[in-house]
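Subject: Structure for your review

Dear colleague,

Please find below the structure that I am handing over to you. My notes follow it, and I would be grateful if you read them alongside the coordinates.

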Amino acid sequence: MTEKEAHITIRDLTMAYGDFILMRDLTFTINQGDIFIVMGGSGCGKSTLMTILIGLKAPAKGKVFYGEVDFWGADQETRDRIIRRAGVMYQSGALWSSMTLAENIALPLETYTNLSPGQIREVVKLKLALVGMAGFEEFYPSEISGGMQKRAGIARAMALDPEILFFDEPSAGLDPVSARRLDDLILELRESLGTTMVVVTHELASIFAIGNNSVFLDVSIRTMTATGNPNQLLAETRDPNLLQFLTRGEKR
Amino acid sequence: MAARGEITMEQTAADTLKVVLSGHWKLGGELPGADKVLQMLERGPGVRHVVFDTRELTHWDTGLLTFLLNVQAFCTQQQIRLNRDGLPPGARRLLELASAVPEKKDARHTEGRVSFLTYLGNQTVDFFRSAGEMLEFLGDTVIAALQLIRGKAQYRRSDLGLIIQAVGVQALPIVSLICFLVGLILAFIGAIQLKLFGAQIYVADLVGIAMVRLMAAIMTGIVMAGRTGGAFAAQLGTMQVNQEIDALRTSGISPMEFLVLPRMLALALMMPLLCLYANVMGILGGMVVGVWMLDIGFIQYYNETVAAVGLWNLGIGLFSGLVFGVIVALAGCMRGMQCGRSASAVGDAATSAVVTAIVGIIVSTAVITILCNFLGI
């Protein structure tokens, strides 16, 4: 897999709720195999950007390309097909509460593959083990803690070995060790399977540890002000808002 | 596509098994199970080491990892050393990650069959516990009501107004429809019998008394149980799921006063009014049948109804309405407050609220009827 192949291209994107414009003129590229960080202060539209990328909300203006395909210009069927190759981890896990964790992870597998029940069980076991939750198959989401729900949500997102994984605030609410293991997992999946990762977060430790590309959404001027490797941005930026963000407000 | 994974095994030394993996190890393709290796390890005389050779492996994903996880679990159990060096680096690291946190064994749910006696016992205990909870909730409500009478209850007047609107005005269309039709049906059924005696005019008595004394209240109560009781339960249940009720408690606001009281008050105020309205609609329904089908004059039907329906009947009907309103509100709020913390629990709460309310309505109708009989009303 060549490193610099564009996976998702965003061009002149404007996000809005009715008349209220959240962000305008977003143009950036997420490359194949990137760990791409979407960062910005609270309420800047990070999560909204993700809902646009995963096909839940149409942009007010602009285009999103998956490879060569115009995502929002295509019909629903094409969009569904593209999104089937993506995995999404929602902010609070969004596990289906009437199913056990095993059933949660098995559902996409049962729907989209023709694996035998035995194989599905093994895959479920592996995915849970990968997020450090081996042995929790028979639990219901309401019986485990918030952090565990989150990790189980990641296991479900990974179920189909997607080409691209979206994470909404993955390490918020996790203890430091689990958060670190999660970072390792994200890095490892990218290394070994070449999965593209889009991570919406404002956890600085994670941003610098895993991100090799990023976009910064500046809430004060309602557009993006920088894109690139976060470590490099920290070293080179002159933008006070971005610097303040990347240093927890210590430099400006 | 030759999407096949292959396994060959050879014993390179007396205690070492070399597993050669080759081809395309992707999920969904044809993959050999781990059983072959496990059998070999079981039969193999004293294999203490397992090594891998994956130079011929072209593609892999989860399919390979589940296989390795199986082999690894078996090896750990049999105290066989598993050498991961021959694996692709990515697979090796993912495998390490997967085994970084040991499997939680004691956490597994017991899935034994419960004997009938145990089941019966559990159900009985549950029944008494839920009866106790019901009494407790009733007690809390009474306390909240007393606070209200003393003028100390904390709730927002605007909330009360909104709830009154939702359970009162907005319920009018469905109550109109249902009660009009019930009046119509009663008249039809009565007419068939009464026509035999040429006593059609008594259809007015039948419909009037039945609607005013009983049917209007019951039908309105059941409509409200489905419409409002379920809504209350779902609303409070969702608040429970979102910890909003906890937030009220920690802010020093009693959820009983803030959430339950206005709902109860709204239904207790609106139900008698709705009943009154339902009476009119029911009688209207009967009148339609009387005037158009049985050729009873409009004035005649009206006079007959006025003569038949006494004030006591109306009083009993409105009192029933009040009782049903309190029951629907109680059932809805109680199930909502007892709700668990998941989406399916909210569904259960709504269902249970409607069932509880309807059972309550029917039982209390029976009690009121028997009481009236004793008192000779």
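The notes below take up the interface, a helix, several salt bridges and some backbone details.

This is a predicted model, in which local features need pLDDT of at least 70 and side-chain atom pairs count only at pLDDT 80 or more, while totals for chains, interfaces and linings use all residues. Residues are numbered from 1 along each chain as its sequence is written, chains are lettered from A and ligands numbered from 1 in the order in which they are written, and side-chain values use heavy atoms, with hydrogens and water left out.

The interface between the chains

Chain A contributes 28 residues to the contact and chain B contributes 26 residues, where contact means heavy atoms within 4.5 Å. Together the two chains bury about 2500 Å², of which 64% is on carbon and sulfur atoms; buried area is the accessible area (1.4 Å probe) that two parts lose on being put together, summed over both.

One salt bridge is counted between chain B and chain A, a salt bridge being a side-chain nitrogen of Lys or Arg within 4 Å of a carboxyl oxygen of Asp or Glu. It joins R93(B) to E188(A), with N to O at 2.6 Å. On the side of chain B that touches chain A, at least two residues each come from helix 2 (62–78), helix 3 (89–98) and helix 12 (343–375) of chain B. Helices (H or I, at least four residues) and strands (E, at least two) are DSSP runs, numbered from the N terminus. That side of chain B has eleven nonpolar, eight polar and seven charged residues. In this classification Ala, Val, Leu, Ile, Met, Phe, Trp, Tyr, Cys and Pro count as nonpolar, Asp, Glu, Lys and Arg as charged, and the others, Gly among them, as polar.

Five residue pairs are in polar contact between chain B and chain A, both residues being at pLDDT 80 or more. A polar contact is a pair of N or O atoms within 3.5 Å; within protein, one must be able to donate a hydrogen and the other to accept it, and residues adjacent in sequence count only if both atoms are side-chain atoms.

Helix 2 of chain B

Helix 2 of chain B has 17 residues and spans 24 Å from its first C-alpha to its last, close to the 24 Å expected at 1.5 Å a residue. The expected span is 1.5 Å times one less than the number of residues. Twelve of the 17 residues in this helix are buried, including L64(B), F67(B), V71(B) and C75(B). Buried means under 20% relative accessible area, exposed over 50%, and partly exposed in between (1.4 Å probe, protein chains only). After helix 2 of chain B comes Q79(B), with a positive phi near 55°.

T16(B) belongs to strand 2 (residues 16–25) of chain B, and T16(B) counts as buried because its relative accessibility is 13%. Its side chain makes a polar contact with that of D15(B) at 3.2 Å. Beyond its neighbours within four places in sequence, T16(B) is in contact with E10(B), Q11(B), V47(B), H49(B) and V51(B).

K18(B) forms a salt bridge with D53(B), the closest N and O atoms being 4.0 Å apart. This pair links distant parts of the chain, with K18(B) in strand 2 and D53(B) in strand 3 (residues 49–60) of chain B, 35 residues apart. D53(B) is buried, at 12% relative accessibility. A network of salt bridges links K18(B), D53(B) and R55(B).

Salt bridges in chain A

Over all chains, the count is twelve salt bridges. One of them joins R85(A) and E163(A), at 3.4 Å from N to O. Its partners are 78 residues apart: R85(A) lies in the loop between helix 2 (76–84) and strand 6 (86–89) of chain A, and E163(A) in the loop between helix 5 (146–157) and strand 7 (164–168) of chain A. R85(A) is partly exposed at 41% relative accessibility, as is E163(A) at 39%.

Backbone details in chain A

D12(A), in strand 1 (residues 6–17) of chain A, has a positive phi of about 50° although it is not a glycine. A94(A), in the loop between strand 6 and helix 3 (101–112) of chain A, has a positive phi near 50°.

Yours sincerely
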